[in-house]
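Let's take a look at one helix pair and a couple of pockets. Here is the structure to keep open alongside the notes.

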Amino acid sequence: MSGCGIMPFSFEFTAQDIDQAVSHSQLLSIEIEFSLKCNLRCPYCYVSAMENPTDELSCAEIRDVILQARDLGARKIVILGGEPLIYPRIMEKIEFIRSQGMQVELFTNGLHLTKERARRLFDLSVNVVLKMNSFKDDVQDKLVGAPGASKKMRAALRRLKEAGYPHGAGFLAVSTVICRDNLSELPSLWIWLRDQGILPYFEILTPQGRAVHNDELNVPTEAIEKLFYEISAIDRTRYNQIWDPQPPLVGGKCLRHQFSCLINAQGFVMPCVGINMPIGNIRQKKLKDILGESEVVGNLRDFHHKIKGPCGKCDKADHCYGCRGAAYQLTGDYLASDPLCWKNTAYADKITKLPVSVDGFIPHEAPMRLGDRLIKIGERTAEVETTVRQDMPFVNDNGFLDETAYLEIIAQASAAMIGFEDYGRSNKKPEGFLIGTKQLEVLGRARVGDVLTVSVFKYAKYGDFGIIKGSVCRGADVLAQGEVKVFRNKI
């Protein structure tokens, strides 16, 4: 992993490991949720934990996807939640993973950690990452949404140390979210952890899940920058640990999209917990095929050429892309620059956020432009919104849109989806053509003033030619649907 010195912890893999995984389309790890059940209500949680979640993966499905990950080269399984220790068969699953020669990294709040479990985790060389946000009971309890939780978490830490941690083959770490409530005590917490040989895992808050509804947790960008540099100085002077500050991890780098993915409790595969964009489901397709066919995964692995805006031009761009989760949550674009990085503060106007006008990334101009705004992007999918205008060439004297316009509307939405990927990275003028159609069904008519939603899915591509499935809707009513064949100078 490139950088200016020694990294303070070993949560990730070497640069050689990562490069080899990318070149061979392999994995080094996966993150998996066994269940979303949780005994806490953290106000910053990336998911809304449920008491009785439904449609969760069976034991057989969990076992199968772990084996699929192993066959793709995964050396480590990261168990997330919910709270993993609530899962009834958690120790059985951990033992199974270890029997397959893979490391286990367990994120837990520790409330269900008994002495026996702590000892068994140590004997199995499990990497344990314990939640801890503050020395103060009232702050800790507030940040996990449960009175009395702080004392139980300290008891869990004591049990882990009594079991043998942090020594042995498995490490002990503490996961801490950076927020307004604990900001002032984080340097001292870092020192306290370091002195005990516990790995600190301090992370910038990702604006998703419950955090969206708790803005009071947010820390100004300049304060985050100051914290990173303060802790960097502490590590350099006290522990001879030398690293270059960059978000989203204090003392670390997040390049997980090069070698990992998330499988959530319902079987959906996502790039990570921050990019909660499904790219497939293991109940419908093998993990190898999902990852191999995913354009999102391909773009993230090719981040040197794909990241847009200031992040793509940054002097750290060869080994950093900020937080892709923050970029996706704040802009709707997983390839956008990270708005939370302090290096981007002066370039906020250069970061494009959805929804956005289609100007600039489709070749059409008014009045032939039949799309207004790109609303949403996904795995080979996009949604475009357009309002039927009187000046459109396909509108008749009575204000109705001619049925032949639906073909062009779907084709232009396709151009918007494809053009947006390269928007801001190339000076090449976009161009494209509608070549043909198949199985077009016209089910209704639109008129001036109607707001239409155009949904497109890139079904197949052959060089610069693509087959797009599309639909045009007015509210819940489908007005037209079918396939178009298009040419675009960047499919």
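## Two helices side by side

A quick word on terms before we start: a helix axis here is a line fitted to C-alpha atoms over the stretch in contact, and angles run from 0 to 180 degrees between N-to-C directions. Bear in mind that this is a predicted model.

Now to the pair itself. Helix α3 covers residues 90-99 and helix α4 covers residues 115-123; their axes come within 11 Å and cross at roughly 10 degrees. Angles under 35 degrees count as roughly parallel, so α3 is roughly parallel to α4.

Who does the touching? On the α3 side, I90, M91, I94 and E95 make the contact, and α4 answers with R117, R120 and L121. Sorted by class, the residues of this contact come out as four nonpolar and three charged, with no polar ones.

## The largest pocket

Moving on to open space, the largest pocket holds about 370 Å³. It is lined by 18 residues, and K308, G309, P310, K313 and K350 are the closest to its centre.

Helix α12 (residues 309-313) supplies the largest share of that lining, with three residues. The lining of the largest pocket as a whole splits into seven nonpolar, five polar and six charged residues.

By class, the lining of the second largest pocket has six charged, five nonpolar and four polar residues.

Methods: Residues are numbered from 1 along each chain as its sequence is written. This is a predicted model: local features need pLDDT of at least 70, side-chain atom pairs count only at pLDDT 80 or more; totals for chains, interfaces and linings use all residues. Side-chain values use heavy atoms; hydrogens and water are left out. Helices (H or I, at least four residues) and strands (E, at least two) are DSSP runs, numbered from the N terminus. Angles under 35 degrees count as roughly parallel, over 145 as roughly antiparallel, 65 to 115 as roughly perpendicular and the rest as oblique. Contact means heavy atoms within 4.5 Å. Ala, Val, Leu, Ile, Met, Phe, Trp, Tyr, Cys and Pro count as nonpolar, Asp, Glu, Lys and Arg as charged, and the others, Gly among them, as polar. On a 1 Å grid over the protein atoms alone, a cavity is a set of points where a 1.4 Å probe fits but cannot get out, and a pocket is an open set with protein on both sides within 12 Å along at least five of seven lines; lining residues have an atom within 4 Å of a point. Grid points are joined across faces, edges and corners, and a volume is the space filled by probe spheres set on the points.
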